[in-house]
Amino acid sequence: MSGIERKEKLKKTRVFTLGDIIVTAVALAVSLIALIPLFWGGEQGKTVVVSVNGVESEYSLSVNQQIDLGSMVLVIENGEVFVKETTCPSKVCYHTGKISQVNQKIVCLPYSIVITVVGESEFNADTGGGGV
Amino acid sequence: MKRRNAVILSLILTAVAVLSTGCSGEKYYSQSKTVFSSSIVFSAQIMHADGKGVYEQMYSAVQEIGQTVNAVDENSALYKFNQSSTTDWTEVNEHFYNLASTAKSVYEKTDGAFNCAVLDATKSWGVDSVGIANYGYGQGQPAVLPSPSELTALKQSASMDNLSVKTESGKYYIRKTIPDLKLDFGGLAKGYCADLCAEIARNRGVKSALIDISGNIVLVGDYYENGNQKKWGVGVINPRKTASNSRYVCGFKTNGGVSIVTAGDYERYYSFDYGDGEKLRVCHIIDGQTLIPISLKTGGQGYEENAQAVCSATVVGESSMLCDAYATAIAVMGVERGKQFLTDEGVSGLIFTADKKRAVVGQFDFVSSQTLYLTEYQSV
């Protein structure tokens, strides 16, 4: 392969065209937007505190799970928590929708249930004086 | 082609951004359900290929125990035993026998501080599940508190000496020696359930699990985060938590293979006011000998606040059933006797009093950011 041929080939296989640059720029922008919660969204919760009649339990927002409280079924999915089912007639808690930011709350007055999103817990488990 | 590469690059970058908020490594299966007539939450995090299957097996075991010894379920063997007036031997299943025999031995070991025969007294005080549902959480109060003569009358039947247990030809039997004996295993049934769940986890080869039956915790194996072996973190709930102060009174790190159980006066209680505006805390833990809730003492217009009372007692040991019973026992015994008891039994514990003092028995790897009640209890 002569020097000229090599130059020609390089020209043909030029890495970036204008279109590539635009697509890459868009990709970077999308990535940065996706990263925003990581750096600026200190408000994204890590844990959900569920208080039933004043008795609290904690659940990680990073573990998809269903929590059956008897009168209410909660779902944690993709870092968000929401009420899937409730036997209460008003369904205010159900219509609150999905929450995931620190200090957001779902409240059910008839059953005295308060669901609060909090920041990261240092603890895997809480021990408290429940008993029956 | 080149454009496709750029699109792929964009997808990779986006995926990296999204995944960086998540985690990698083996995952815990996590599930929570209510048990024992919806009064208790059974949660577990299980690291196992069939985590769901392991949880379901544990859940079935807990339900089976609940069906046997739920004191408020009219179909349970315990309810029927309590209603029965016969003083003949009654055949029971293994769970009933294990709970009854342990309840009796801890009663003897604690000189009656831990007493599972106080069901009638808890009803008189309105601190059984029905009473707490009626009066708890600021909903009201009973007209009167039980008089000393009423408690004296209850004392005769409120003794585990009225219970006998035996095994014969592989079968289990119990009998009451007086018809009025009524049992409630609330002080150790959660621990018993947690021990069985841990046994199921070990038998199924679970590498790491957290079993939590309404704050009654068993840790199987160490904790794994993104594949890295770590200690577990356990937060002890602040017994006098308000909206503005810390959720925890302290927290500590621990390796697996232990159970942690806390008893306290702050979740199941109601306030009683003689009419002078002073609110007395009437809690669900009753002194097995005086039959008075630990948060009260005689005085004033009948009863007054017991400022030196234990408001939170945490026990760390191998058997969750014993940790459960011992936590209640030391809450009743008070700091002085409680410390001695834990030392004698060779288990660790954290005791906090209503006047915000603490006593530590054994070694704890405390988390420094979470510490209240720093005044050490001084022996008198």
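This tour moves through a predicted model, from chain A to selected residues of chain B.

Residues are numbered from 1 along each chain as its sequence is written, with chains lettered from A and ligands numbered from 1 in the order in which they are written. As the model is predicted, local features need pLDDT of at least 70 and side-chain atom pairs count only at pLDDT 80 or more, while totals for chains, interfaces and linings use all residues; side-chain values use heavy atoms, and hydrogens and water are left out.

**Chain A**

Select chain A and display it by secondary structure. It holds 3 helices and 8 strands, where helices (H or I, at least four residues) and strands (E, at least two) are DSSP runs numbered from the N terminus. Traced along the sequence, the pattern of chain A is α-α-β-β-β-β-β-α-β-β-β. Of the 132 residues in chain A, 36% are buried; buried means under 20% relative accessible area, exposed over 50%, and partly exposed in between (1.4 Å probe, protein chains only).

**A negative patch on chain B**

Next, select Asp276(B), Glu278(B), Glu304(B) and Glu305(B), which form a negative surface patch. Patches are made of residues with over 30% relative accessible area and no salt bridge, like charges being joined within 9 Å and nonpolar side chains (Val, Leu, Ile, Met, Phe, Trp, Tyr) within 5 Å. A salt bridge is a side-chain nitrogen of Lys or Arg within 4 Å of a carboxyl oxygen of Asp or Glu. Centre on Glu278(B), in the loop between strand E13 (269-273) and strand E14 (279-283) of chain B. Glu278(B) has a relative accessible area of 42% and is therefore partly exposed.

**Two positive phi angles**

Move to Asn226(B), in the loop between strand E8 (223-225) and strand E9 (228-230) of chain B. Although not a glycine, Asn226(B) has a positive phi of about 50°; Asn226(B) is partly exposed, at 40% relative accessible area.

Then select Leu291(B), in the loop between E14 and strand E15 (296-299) of chain B. Leu291(B), also not a glycine, has a positive phi of about 65°. At 0% relative accessibility, Leu291(B) is buried.

**Cysteines of chain B**

Finally, show the cysteine sulfur atoms. Across all chains, the search finds 0 disulfides, a disulfide being a pair of cysteine sulfur atoms within 2.5 Å. Cys311(B) is in no disulfide, and its nearest cysteine sulfur, in Cys283(B), lies 10 Å away. Cys311(B) is buried, at 1% relative accessibility.

Cys323(B) is buried, with 2% relative accessibility.

Notes: Accessible areas come from the Shrake-Rupley method with a 1.4 Å probe; for residues, only the protein chains shown count as cover. Lys and Arg count as positive and Asp and Glu as negative; His and the chain ends are not counted. The place of a charge is taken as NZ of Lys, CZ of Arg, CG of Asp or CD of Glu.
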